[in-house]
Structure formats: C-alpha cells, structure tokens
Amino acid sequence: VGGEVEATVDPVIKTNGSSLYLEIYPFYKRYTTTLTLSPNQESTLKPVTEYVDEADFVFIEDFESGTNHLFEDDRDENPYTQIEISSEDIFEGGFSGKIKLDTANAVIVAATNTSFDFDPALVGKTYMEVNYKTDVPLEFGVLSVDNQGVETPNFEFVVLPREEWNKIYFNMTDLLTTSRAKKFVFALRAGIPRENGQYTLNEAHIFLDNIKLIHF
C-alpha cells in the first residue's frame with residue numbers, strides 16, 4: 001500500500017544527559033511533513049526544527065563578542081583560572097570559551113557577573129543548554145541569593161569528560177521553583193581529579209559554547 005501519509009516527529013532530548021530521562025523538548029517545534037510512500041521502497045526523513053516562538057531567552061553566551069563574556073565572575077579568587085575567549089577550538093562561529101587547568105591551578109569556579117530574577121511561584125519550565133568538550137568532570141548549578149544577599153549554592157548537574165563536542169540540556173526548573181529566593185546566579189566549577197594524593201592529569205582543557213538559559 002502506498003500513497004501520501006503525514007509524518008510527525010517530536011524533538012526528544014536526554015534531560016540532564018541521561019538516557020533514562022528522554023522527553024520531548026518544550027522549546028523546539030514539532031516537525032511535520034507529507035511523505036509519498038511506494039510499496040517495498042524506503043523513504044528517508046530528515047527532520048529539522050527551530051525554537052518555538054514562546055521561548056524566552058534569558059541569556060545567550062556564545063563568546064562571540066571577542067572581548068568579554070557573561071561568566072566573568074571569578075569565584076575561586078585565582079586569576080590564573082578563568083574562562084577566556086578563544087579561537088583554538090570552537091563549536092560554531094569564531095570563538096568559544098576556554099578554560100585551562102594545571103597542577104598549580106587545578107580548580108575553577110566561575111559565575112555569571114549579574115544575577116537574574118525569577119519568582120519561584122511564577123517561573124515556568126527553565127532549561128540551560130550547553131555545548132562543551134572537557135578533559136575533566138564539569139559541574140553546573142545555581143547560587144540562590146536571599147534578601148540579605150546571602151548565597152546558597154546548588155551544583156546539581158555534572159558532565160563527564162568528552163573528547164568531542166557534545167550538547168546537553170539541564171532542567172533547571174526544580175532548582176528555581178523550590179528555592180525561597182528570587183535572585184539567582186548561574187555558575188560552573190571543575191577541577192583536575194586526584195587519586196592517591198596525586199593529580200590524574202598534568203593539565204586539562206575545557207571548551208564551552210552556546211550557553212543558553214531558556215524559559216516560558
């Protein structure tokens with residue numbers, strides 16, 4: 001039996017990088033097309049998608065300014081560990097964010113240089129998208145800021161080393177809605193692991209691109 005059929009594909013993601021939590025990504029449009037099928041013949045479908053019109057981008061850091069970027073708040077107080085804009089290894093565009101660690105400067109903690117307002121009672125679905133490649137485990141999270149300016153850190157998300165560029169989608173919704181605060185700073189941290197008192201690597205590199213915070 002052949003003829004025209006309507007084909008529909010919903011964009012599905014691994015939430016927080018886990019294949020155990022596959023879900024339709026609410027910020028991508030459903031792909032629908034019409035196929036003409038013939039008996040005993042294969043038909044190829046190449047879905048494409050884009051962001052839904054309702055998606056609200058709180059920030060997009062693609063490191064394309066060439067001079068400064070959003071994650072410039074140095075929380076480890078070590079000027080030798082920072083995210084620098086680099087053209088050494090990029091996902092797309094002309095630049096990416098680069099972190100270099102070594103045994104003398106083995107840890108980085110960096111945060112957004114501004115806080116963002118979210119009312120936990122009103123916030124809808126909120127995700128952070130990140131393109132990355134890294135030699136060491138890399139953590140992402142939020143610092144909730146109360147009315148007195150006291151910060152409470154919550155680094156809930158971890159990505160493992162990847163030699164090639166990868167994309168991950170973090171569901172930030174619960175972190176925001178369960179907090180009593182209404183201001184949040186977004187942060188990341190990483191370090192060279194140690195085993196038996198020794199660093200496992202003499203140096204490590206992390207590359208970041210297209211960090212996006214999206215919500216409804």
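Select strand S14 (162-171), which contributes five residues, the largest share, to the lining of the largest pocket in this predicted model. Strand S2 (12-14) and strand S13 (151-159) also give two or more residues each to that lining. The pocket has a volume of about 210 Å³, and among its 13 lining residues Gly-17, Tyr-132, Arg-162, Asn-166 and Ile-168 lie nearest the centre. Colouring the lining by class will show eight nonpolar, two polar and three charged residues.

Next, move to the largest nonpolar core, a set of 39 residues in which Met-128, Phe-140, Phe-186 and Leu-208 have the most contacts. Strand S18 (residues 203-215) gives the most to this core, with five residues. Centre the view on Leu-208 and, leaving aside its neighbours within four places in sequence, look for its contacts, including Phe-63, Ile-83, Trp-165 and Leu-188, as well as Phe-140. Apart from this core lies another, of nine residues, among them Ile-13, Phe-27, Val-52 and Ala-55.

Finally, select strand S15 (residues 183-191), which pairs with strand S9 (residues 107-111) in the antiparallel sense over five bridges, with Val-107 standing opposite Gly-191. Strand S10 (residues 116-117) pairs with S15 in the antiparallel sense over two bridges, and here Phe-116 stands opposite Phe-184. Strand S12 (residues 138-145) is likewise an antiparallel partner of S15, over eight bridges; within this pairing Phe-140, already met in the core, has Leu-188 as its bridge partner.

Note on methods: Residues are numbered from 1 along each chain as its sequence is written. This is a predicted model: local features need pLDDT of at least 70, side-chain atom pairs count only at pLDDT 80 or more; totals for chains, interfaces and linings use all residues. Side-chain values use heavy atoms; hydrogens and water are left out. On a 1 Å grid over the protein atoms alone, a cavity is a set of points where a 1.4 Å probe fits but cannot get out, and a pocket is an open set with protein on both sides within 12 Å along at least five of seven lines; lining residues have an atom within 4 Å of a point. Grid points are joined across faces, edges and corners, and a volume is the space filled by probe spheres set on the points. Helices (H or I, at least four residues) and strands (E, at least two) are DSSP runs, numbered from the N terminus. Ala, Val, Leu, Ile, Met, Phe, Trp, Tyr, Cys and Pro count as nonpolar, Asp, Glu, Lys and Arg as charged, and the others, Gly among them, as polar. A nonpolar core is a set of buried Ala, Val, Leu, Ile, Met, Phe, Trp, Tyr and Cys residues joined through side-chain atoms within 4.5 Å. Buried means under 20% relative accessible area, exposed over 50%, partly exposed in between (1.4 Å probe, protein chains only). Contact means heavy atoms within 4.5 Å. Two strands pair if DSSP finds at least two bridges between them.
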